[in-house]
Amino acid sequence: MQILKTKGVVYGFHAIELNQIVPEVVDLGEHWESSGSQEAGHQHRFWEFGYTAEGTTELHIAGGRRFNLSAGSFWSVTAGTDHWLRQGPEARHHRLFVGLQLPIIVARHTGWNLRSLLRDVVVLHEVYQFEQLFSRIVTEGATPSNFQAAALRLGVDALLLEIVRASTDGNRRPANAVMHPAASRALNLLQTRFRESWSLERLASESGISRARLAQLFRRQIGTSIHKALNKARNMPKCC
């Protein structure tokens, strides 16, 4: 395995030669990019999977197809497909990605219908649960440790299984299954420790996310402000 610094990226890394650890994982990484940045058109000999954690992005596919991505969007591109990404006007863009040799995983999970599901470009929105899965793969792949191969393979399988579920279940998934982990933790803190004095800064720190993003996620996924959610928790009848 080698870890490289990608040219044109504000911060982040690109790990390659992961197939020395497990044959189905080719590369992976995490990038923070600037407003309006664009990569050159390219293609891979493997399937590329990505998750947009912050900002907006355009995914361009050769032939004129374009997909608009925002925080919580997942995308996959098949082997041999020309594509490129263009970042939106926001100041901060954050994405995670992993390259996989899909046929190896297809052979391992014949009942998941992966070959048919991922035969073309796939884009899913508001799949916030994917962020934790991508983070796990990136961490396991870039950090040598005991049982690294097993941990990396388990992480890949968990991601692929969630892709299958999100693609086939549609809107039948329960709401808490698609809530961003940081928003879910923040809501739980407000509901269980409502007697404490919570500032946005403190809540964001304990949830592991920036203040601006936590406030945005709260309004988008919970439909209210943090202040109103805290007041609601404090005013709910208590059993004891």
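# Chat about a predicted chain

Me: Starting with helix 3, how does the span of its 14 residues fit what they should give at 1.5 Å a residue?
Reply: In this predicted model, the 14 residues of helix 3 should span 20 Å at 1.5 Å a residue, and the end C-alpha atoms of helix 3 are 21 Å apart, which agrees.

Me: And which residues in helix 3 are buried?
Reply: The buried residues in helix 3 are Q129, F130, E131, L133, F134, I137, V138, G141 and A142.

Me: What comes between helix 3 and helix 4?
Reply: There is a loop there, between helix 3 (129-142) and helix 4 (148-169), and F147 has its place in it. The phi of F147 is near 60°, which is a positive value in a residue other than glycine.

Me: Is F147 buried or exposed?
Reply: F147 counts as exposed, because its relative accessibility is 70% and the cut-off for exposed is over 50%.

Me: OK, what about E17, where does that one lie?
Reply: E17 lies in the loop that runs between strand 2 (11-16) and strand 3 (25-33), and although E17 is not a glycine, it has a positive phi of about 60°. With a relative accessibility of 30%, E17 counts as partly exposed.

Me: Changing topic, which residues is A91 in contact with, leaving aside its neighbours within four places in sequence?
Reply: With those neighbours left aside, A91 is in contact with E33, S34 and S35. A91 itself lies in the loop between strand 8 (83-87) and strand 9 (93-100), and A91 is exposed, with a relative accessible area of 75%.

Me: How far apart in space are A91 and A107?
Reply: From C-alpha to C-alpha, A91 and A107 are 42 Å apart in space, while in sequence they are 16 residues apart.

Me: Zooming out, what does the secondary structure of the chain come to?
Reply: The chain has eight helices and ten strands, and its C-alpha trace spans about 60 × 40 × 35 Å along the principal axes.

Me: How does the radius of gyration fit a compact globule?
Reply: A compact globule with 240 residues would have a radius of gyration near 18 Å, and the chain has 19 Å, which agrees. Buried residues make up 47% of the 240 residues, and of the contacts between residues at least 6 apart in sequence, 67% join residues at least 24 apart.

Me: How many positive and negative side chains are there?
Reply: The chain has 28 positive and 21 negative side chains, with the centres of the two sets lying 7 Å apart.

Terms used. Residues numbered from 1 in each chain as written. Predicted model: local features only at pLDDT ≥ 70, side-chain atom pairs only at ≥ 80, totals over all residues. Heavy atoms only, no water. Helix = DSSP H or I, 4+ residues; strand = E, 2+ residues; numbered from the N terminus. Rg over C-alpha atoms; globule rule 2.2 N^0.38 Å. Buried < 20%, exposed > 50% of the residue type's maximum accessible area, 1.4 Å probe, protein only. Contact = heavy atoms within 4.5 Å. Lys, Arg positive; Asp, Glu negative; His and termini not counted. Charge placed at Lys NZ, Arg CZ, Asp CG, Glu CD. Expected span 1.5 Å × (residues − 1).
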